[in-house]
Each structure stands twice: as structure tokens, then as C-alpha cells.
Amino acid sequence: MNNASLVADVSIIYGDILPAWNRFNAPENHFVYSNNTLYFAIENVALFGITGGHTITVDPAPDCDMRKLRLYLLGTCMGAILLNRRILPLHGSAFVIDGQAYAIVGESGAGKSTLAAYFSQQGYKLLTDDVIAVSIDPVTGRAMVIPSYPQQKLWEESIDGLQLDNQYETLYEEQDRTKYAIPVQDRFMTETIPLAGIFELNKSEHSDIKFEKLSGITCMPLLFTHTFRNFLVSLLGLNQWHFTSTASITSQTAVYRLHRPTSHFTVQQLFDTIMSQIKEGVSVQ
């Protein structure tokens with residue numbers, strides 16, 4: 001295909017956002033929604049403006065670290081784009097087993113990416129890392145996971161625990177910790193896949209893995225908690241849409257909660273627990 005004939009799905013452009021931002025008199029790390037555009041500022045990185053579900057305008061700070069800029073483009077900015085398109089962004093990772101998608105959600109540091117990386121090591125393809133885009137098929141009503149891009153983000157201790165060769169690009173450093181970009185082109189799924197199960201991963205002081213099935217109304221607050229940048233739901237006026245979407249997803253998808261001990265590396269035990277449950281029938285109801 002001639003590249004000149006391609007139409008960008010999302011346009012990322014440079015622009016002077018400072019005059020508009022100054023009118024709001026808003027502090028750093030604050031979000032403002034005005035005239036169909038979401039504005040926010042990250043100190044020493046950039047001013048951002050996300051218009052609808054199609055355009056991201058970037059006004060970089062002097063001497064901006066482009067690695068940090070990319071993190072916000074692929075994270076917060078894309079989360080806002082998805083919400084504007086009425087696609088639910090969950091904070092986690094998703095992989096594929098037997099033609100169905102399984103999502104791992106949880107708070108930062110819960111071990112989502114590490115567990116997904118272990119699934120990848122066992123031969124299961126990755127669909128997305130960090131932001132899981134879930135759409136409702138307008139014809140079938142099925143919850144579907146849209147693939148992202150073939151990369152995972154792992155902390156150095158996870159790389160060591162998984163016994164990976166650490167020859168990867170540094171994404172950022174935080175409090176004497178380093179996170180790296182792990183390419184997964186050969187273990188990446190490029191097709192939209194039905195969502196069959198959601199596993200919430202939590203850190204626990206218990207010595208063993210605790211596992212429970214959730215049902216009914218307890219599932220919906222869980223999905224709100226793990227909606228990526230969930231404070232944007234109200235800011236963008238999407239409360240009713242979010243309620244309807246999560247109700248649809250939880251009505252057709254099995255939801256589980258796993259408590260993992262923090263005292264030792266448990267990724268293999270978590271893998272075994274999840275695989276055992278999947279074999280027993282985690283599926284679209």
C-alpha cells in the first residue's frame with residue numbers, strides 16, 4: 001500500500017499550548033477539560049492537549065527527556081484517547097490462551113507485568129501491557145481486547161527474577177529502581193480477542209497465595225478501581241457510559257482476585273493457580 005494513502009488513527013502534533021494553559025491558572029499535575037480538549041502539565045516534561053479521540057498536541061519543556069515524553073504519550077494520553085472513543089482502558093496486562101484473552105489488573109507494583117511476562121515465557125502471546133483496551137462489539141455485545149504494541153515494561157528485580165538477560169533500553173529510573181523496555185515482537189498477538197477472564201492481583205502479608213471468585217456487584221467497583229486514570233471518567237462526563245460498559249463486561253466475564261505474598265517470588269505459583277482455574281472453566285458466560 002502506498003504510505004501516502006494511509007490515514008492516521010491518532011495524530012500527535014507539536015503545538016503552543018502554554019497560552020491556553022495559563023488561562024486556566026491550574027497547578028502542575030492538574031487536569032483541565034475545556035472545549036472538548038483535555039489539558040495537563042507534567043513538570044520538566046511537557047504540556048499536553050488531547051482533543052476528542054483523535055489528536056494529541058504536545059508542547060515539550062526545554063531539554064525534555066524524550067523517554068519520559070513517550071511514557072506519557074503511550075500512557076495518560078492514550079488512556080484519554082480510549083475513553084473519548086468509549087473504549088475502556090484497564091490498568092494491567094493481557095495475554096491469550098486458546099483464542100481467548102485474560103487480563104491481569106492491579107495497583108502499581110502488584111506484579112501484573114511480571115506475571116504476564118512469565119506467561120509469555122511459557123509460550124502464550126501478549127496482547128497488551130500497562131493499558132488494556134476493552135471494547136464492546138456493537139454486533140455481538142462481546143467484550144473484546146484490542147492489541148497494543150509489542151513491548152513490556154519491567155523493573156530490574158522482575159528481570160532478575162525471570163532470569164532474563166538485561167540488555168534492554170532504560171525507560172526511566174525511580175528511587176534507585178530502573179524500569180526497562182522489553183521487546184516481544186515474536187510473542188505478540190496482533191488480533192482483537194474476546195475477553196474471557198479478569199484476575200485482580202494484590203500484594204499480601206500472607207505466606208500463601210489466596211484465591212477467590214468474585215460475582216455480582218462486587219465486580220463493578222473492581223473495574224472502576226482498575227480503570228486507567230479513572231479520575232478522568234467524571235472529568236470527561238462518562239460516568240453513565242462507564243457504568244453501562246462495566247456492567248456488560250462483568251455480566252459475561254469471570255472475575256477473580258489473587259493475593260500474592262510479598263515475602264518471596266511467586267510468579268510460577270501464580271501461573272499454576274491461574275492455569276488451573278482456566279482449565280476448570282474460566283470462560284465467557
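Modeller: Let me start with Asp-186. It is exposed, with a relative accessible area of 62%. Keep in mind that this is a predicted model.

Colleague: What does Asp-186 pair with?
Modeller: Arg-187. Their side chains meet in a salt bridge, at 3.5 Å from N to O.

Colleague: And Arg-187, what is its relative accessibility?
Modeller: Arg-187 is at 27%, which counts as partly exposed.

Colleague: Why would such side chains pair at all?
Modeller: Side chains of opposite charge can pair when their charged atoms come close.

Colleague: How many salt bridges does the structure hold?
Modeller: Seven. Another one joins Asp-9 and Arg-85, with the closest N and O atoms 3.0 Å apart.

Colleague: Where do those two sit in the chain?
Modeller: They link distant parts, 76 residues apart. Asp-9 is in the segment before strand E1 (11–14). Arg-85 is in the loop between helix H2 (66–84) and strand E6 (88–97).

Colleague: Is Asp-9 buried or exposed?
Modeller: Exposed, at 55% relative accessibility. The cut-off for exposed is over 50%. Arg-85 is partly exposed, with a relative accessible area of 33%.

Colleague: Which pair is buried, then?
Modeller: Lys-153 and Asp-130 are both buried. Their side chains form a salt bridge too, 2.9 Å from N to O.

Colleague: Switching topic. How many cavities of 30 Å³ or more turn up?
Modeller: One, from a search of the whole structure. The space in that largest cavity is about 40 Å³.

Colleague: Which residues line the largest cavity?
Modeller: Arg-70, Leu-71, Leu-74, Gly-75, Tyr-149, Gln-151, Lys-153 and Leu-171.

Colleague: What is the lining of the largest cavity like by class?
Modeller: It has four nonpolar, two polar and two charged residues.

Conventions. Residues are numbered from 1 along each chain as its sequence is written. This is a predicted model: local features need pLDDT of at least 70, side-chain atom pairs count only at pLDDT 80 or more; totals for chains, interfaces and linings use all residues. Side-chain values use heavy atoms; hydrogens and water are left out. A salt bridge is a side-chain nitrogen of Lys or Arg within 4 Å of a carboxyl oxygen of Asp or Glu. Helices (H or I, at least four residues) and strands (E, at least two) are DSSP runs, numbered from the N terminus. Buried means under 20% relative accessible area, exposed over 50%, partly exposed in between (1.4 Å probe, protein chains only). On a 1 Å grid over the protein atoms alone, a cavity is a set of points where a 1.4 Å probe fits but cannot get out, and a pocket is an open set with protein on both sides within 12 Å along at least five of seven lines; lining residues have an atom within 4 Å of a point. Grid points are joined across faces, edges and corners, and a volume is the space filled by probe spheres set on the points. Ala, Val, Leu, Ile, Met, Phe, Trp, Tyr, Cys and Pro count as nonpolar, Asp, Glu, Lys and Arg as charged, and the others, Gly among them, as polar.
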